[in-house]
Amino acid sequence: MSPRAGNTGTTPRTLAFVESPVQLLNVLEWAHVHALRGAGDSGAGPLASVPSQVRRSTEGGSPSAEAELTVVVLSPTDPMTRGQLRRMADLARDEGYRVRWEEARGGTTAPFHTIGGLAGALRRADRIVMGDPFSRYVQLLLTITRAKDLVVVDDGTATMEFVAQLARGERLVRWHRKGGRPGPRDLLFAPVSSSARRRLTPSAKRRVEVFSSMPMEETPEGVTVTANDFGWTRARFGPPRITRSADMVGTSLVETGVVDGDRYLTAVQGLARAHGATRYFAHRRESAEKLHRLAAVTGLEIVRPDLPLELIARRGPIGRTILSFPSTVVHTLPLALAGTGVRVAVCDIDPAWLTENASPRAQGFLSGVTGTARDVHRLAAVGAV
């Protein structure tokens with residue numbers, strides 16, 4: 001994407017806001033496609049060894065060189081997510097980009113300190129890249145920026161819903177919450193959310209790009225859609241060693257209240273037995289209690305990945321078959337593993353397995369995730385396992 005008018009010939013100042021490892025991975029993929037320049041090797045040690053309170057904007061790149069991209073990590077509190085983010089931040093620094101680590105949720109006053117500390121950079125930025133337009137944090141930051149170029153990189157299946165909602169002019173609501181009544185906090189935050197939606201709508205003064213590997217049935221007028229084929233991942237890692245067994249990918253559908261926990265356990269047990277799975281790659285949001293129970297009942301080896309699964313699979317070793325329920329990986333893994341011979345198989349969710357609190361849209365959305373996936377093998381519905 002070109003610099004905004006008035007800055008032709010200068011390096012556009014790009015700020016990327018990420019809250020998850022996958023978002024940071026896709027920022028790196030976006031930067032790779034657009035050939036953004038890093039500032040070179042700073043010679044600093046691994047990010048994980050640096051105390052969080054001193055991880056600031058000086059990370060990544062030498063002080064005398066200017067990187068085209070600064071990644072701002074709005075760090076969550078979940079230890080698994082933080083660990084993966086630290087590893088991804090290391091990779092971003094290896095590419096020469098600056099990383100600014102913000103303890104954005106480290107207490108009641110943390111958001112005020114974070115937003116106040118970022119206000120100047122937001123006003124100076126020519127381009128804003130974000131991984132989660134549904135994030136209230138990101139929506140609040142969008143009210144400060146004057147950037148004319150806005151980019152949304154993949155945050156998994158949520159990207160599909162964001163694009164569809166933007167095309168229909170709807171308020172921004174995550175798919176698993178859609179259909180429920182807005183709570184007090186939703187109503188209080190509604191003006192900020194509406195402002196963010198307006199800013200994410202292209203106009204004569206503002207360009208919007210969506211960078212995604214997900215299928216887009218509805219594309220908002222004026223939005224530029226750029227395909228993410230995981231070219232950086234394939235160039236940086238692998239090809240992997242392929243094992244003869246099958247691996248299974250976990251999901252947070254139980255944790256988000258969409259799928260019943262007991263039925264999910266039965267499904268995993270049946271799939272593992274039918275396909276000879278030996279390992280279960282846990283989603284970073286899966287609870288320890290649920291994973292202990294899965295291990296005891298199924299005999300699967302539970303693996304807590306330290307990087308997004310696309311990188312784990314590409315590094316290997318990885319099973320000849322990867323089993324998954326409807327999720328982002330049924331779209332991303334075939335791209336990351338292109339040419340390796342690994343088969344990705346997706347198992348549909350039976351409507352009977354949904355909880356009574358699941359959004360009315362849940363079944364249709366999950367079916368759409370599976371139905372639009374390319375280069376995957378479809379298995380029988382969970383209820384039939």
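Author: Helix 8 crosses helix 9 in a right-handed manner. The model is predicted, so that local features need pLDDT of at least 70 and side-chain atom pairs count only at pLDDT 80 or more, whereas totals for chains, interfaces and linings use all residues. Residues are numbered from 1 along each chain as its sequence is written, and side-chain values use heavy atoms, with hydrogens and water left out.

Reader: What makes a crossing right-handed or left-handed?

Author: A crossing is right-handed if the near helix is turned clockwise from the far one by less than a right angle, and left-handed if anticlockwise. Helix 8 passes helix 9 in the right-handed sense.

Reader: Why is helix 8 called oblique to helix 9?

Author: The two helices pack at an angle of about 40°, with their axes 10 Å apart. Axes are lines fitted to C-alpha atoms, for helices over the stretch in contact, and angles run from 0 to 180 degrees between N-to-C directions. Angles under 35 degrees count as roughly parallel, over 145 as roughly antiparallel, 65 to 115 as roughly perpendicular, and the rest as oblique. The angle of about 40° therefore makes helix 8 oblique to helix 9.

Reader: Which residues make the contact between helix 8 and helix 9?

Author: Helix 8 contributes D262, Y264, L265, V268 and Q269, and helix 9 contributes K290, R293, L294, V297 and T298. Contact means heavy atoms within 4.5 Å. By class, this contact has five nonpolar, two polar and three charged residues. In that scheme Ala, Val, Leu, Ile, Met, Phe, Trp, Tyr, Cys and Pro count as nonpolar, Asp, Glu, Lys and Arg as charged, and the others, Gly among them, as polar.

Reader: How do you know which strands pair in a sheet?

Author: Two strands pair if DSSP finds at least two bridges between them. Strand 8 (residues 242–249) and strand 9 (residues 277–281) are joined by four bridges and run parallel, and A246 stands opposite A277 of strand 9. These strands belong to an open sheet of six, in the order 10-9-8-11-12-13, with parallel pairing.

Reader: What makes strand 10 and strand 13 the edge strands?

Author: Strand 10 (301–303) and strand 13 (377–379) each pair on one side only. The twist of this sheet averages 30° from one strand to the next. Helix 11 (residues 329–336) packs on the sheet, where it touches strand 8, strand 11 and strand 12, and its direction makes about 175° with that of strand 12.

Reader: In what order do the strands of the seven-stranded sheet stand?

Author: The order is 3-2-1-4-5-6-7; the sheet is open and its pairing is parallel. Its edge strands are strand 3 (98–102) and strand 7 (224–227), and neighbouring strands are turned by 20° against each other on average, direction ignored. Four bridges join strand 4 to strand 5, with R127 opposite D149. Helix 2 (residues 79–94) lies across strand 2 and strand 3, at about 160° to strand 3.

Reader: Why is F230 called buried?

Author: Buried means under 20% relative accessible area, exposed over 50%, and partly exposed in between (1.4 Å probe, protein chains only). F230 has 1% and is therefore buried. This residue lies in the loop between strand 7 and helix 7.
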